[in-house]
Amino acid sequence: MRPLATRRITALAISAAITLGTAGPAFADEHRPSTAAARAARAPLPNAAALLSQTEALGELGSVITPVTDLLTATLKADSGQLPAADAEALKAKIAAAVDQAKAAAPADVVTDALATVEKAVAGLLAAVTSGDAGGVVPQVTATLTSLVNLAVATVLGSGLPAPDLAGLPQLPSLPVAVPELPVDPPALPVDPPVAAPELPVKPPVSLP
């Protein structure tokens with residue numbers, strides 16, 4: 001009985017192979033994408049370059065904000081707002097590297113100006129947190145926070161990012177427009193014509209008796 005069973009198994013295997021061999025190409029052709037669909041799948045997204053630039057701008061924004069907020073957090077948690085010199089130097093190096101990288105990729109002058117404001121505020125804060133005087137720390141923290149807000153707004157407005165549409169969010173101001181140049185020479189003022197002075201009356205000669 002074993003040879004008969006073996007022949008049956010062999011016959012079933014051959015039959016299955018023939019069936020799959022004929023059905024396989026048909027199945028592949030049925031599920032193979034058309035040439036047009038394949039080209040569409042490989043085509044770049046519309047406006048991909050502009051959207052990528054906007055995405056990178058947000059990434060650069062985060063790369064600057066993170067080390068600056070690390071400095072702010074360390075300052076606000078420190079006793080009397082004072083940091084060890086080594087910690088301040090390490091944070092300073094991270095912030096400087098992030099700002100330099102962001103400047104290299106800045107899309108507009110307004111973003112570069114905002115980054116310069118961040119640099120100035122951070123320099124003032126670092127001086128305050130290593131001065132030994134807690135009195136000047138809070139104003140410098142506020143100035144640094146304001147510089148980060150300015151950087152965020154400048155990045156949104158200067159990089160062509162979509163306008164915010166969250167309900168209840170106040171509208172962002174538009175970028176400042178160029179102020180027209182004032183004339184160099186002011187217009188000449190009108191000169192009044194000279195007024196002739198009235199002639200004084202001439203006294204008649206006095207007659208002697």
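A crossing is left-handed if the near helix is turned anticlockwise from the far one by less than a right angle, and right-handed if clockwise. The model is predicted: local features need pLDDT of at least 70, side-chain atom pairs count only at pLDDT 80 or more, and totals for chains, interfaces and linings use all residues. Residues are numbered from 1 along each chain as its sequence is written, and side-chain values use heavy atoms, leaving out hydrogens and water.

**View 1. The α5 and α6 pair crosses left-handed.** The two helices pack at an angle of about 165°, with axes 8 Å apart. Axes are lines fitted to C-alpha atoms, for helices over the stretch in contact, and angles run from 0 to 180 degrees between N-to-C directions. The angle therefore makes α5 roughly antiparallel to α6 (over 145 degrees).

**View 2. Side chains line the contact of α5 with α6.** Contact means heavy atoms within 4.5 Å. From α5, the residues include V110, L115, V118, V122 and L125. From α6, they include V137, V141, T144, L148 and L151. The contact divides into 15 nonpolar, eight polar and no charged residues. Here Ala, Val, Leu, Ile, Met, Phe, Trp, Tyr, Cys and Pro count as nonpolar, Asp, Glu, Lys and Arg as charged, and the others, Gly among them, as polar.

**View 3. The largest nonpolar core has 26 residues.** Such a core is a set of buried Ala, Val, Leu, Ile, Met, Phe, Trp, Tyr and Cys residues joined through side-chain atoms within 4.5 Å. Buried means under 20% relative accessible area, exposed over 50%, partly exposed in between (1.4 Å probe, protein chains only). V64, V68, L71, L115, V118, V122 and L151 have the most contacts inside the core. Two or more residues each come from α3, α4, α5 (109-129) and α6 (137-158). The largest share, nine residues, comes from α5. Which residues does V122 touch, not counting those up to four places away in sequence? V122 meets V68, L71, I95 and T144.

**View 4. S80 sits in a loop.** The loop runs between α3 (48-77) and α4 (85-104). Phi of S80 is near 55°, a positive value in a residue other than glycine. S80 counts as exposed because its relative accessibility is 52%.

**View 5. The protein chain has six helices and zero strands.** Helices (H or I, at least four residues) and strands (E, at least two) are DSSP runs, numbered from the N terminus. Buried residues make up 19% of the 209 residues. Among contacts between residues at least 6 apart in sequence, 68% join residues at least 24 apart.

Definitions and conventions
Angles under 35 degrees count as roughly parallel, over 145 as roughly antiparallel, 65 to 115 as roughly perpendicular and the rest as oblique.
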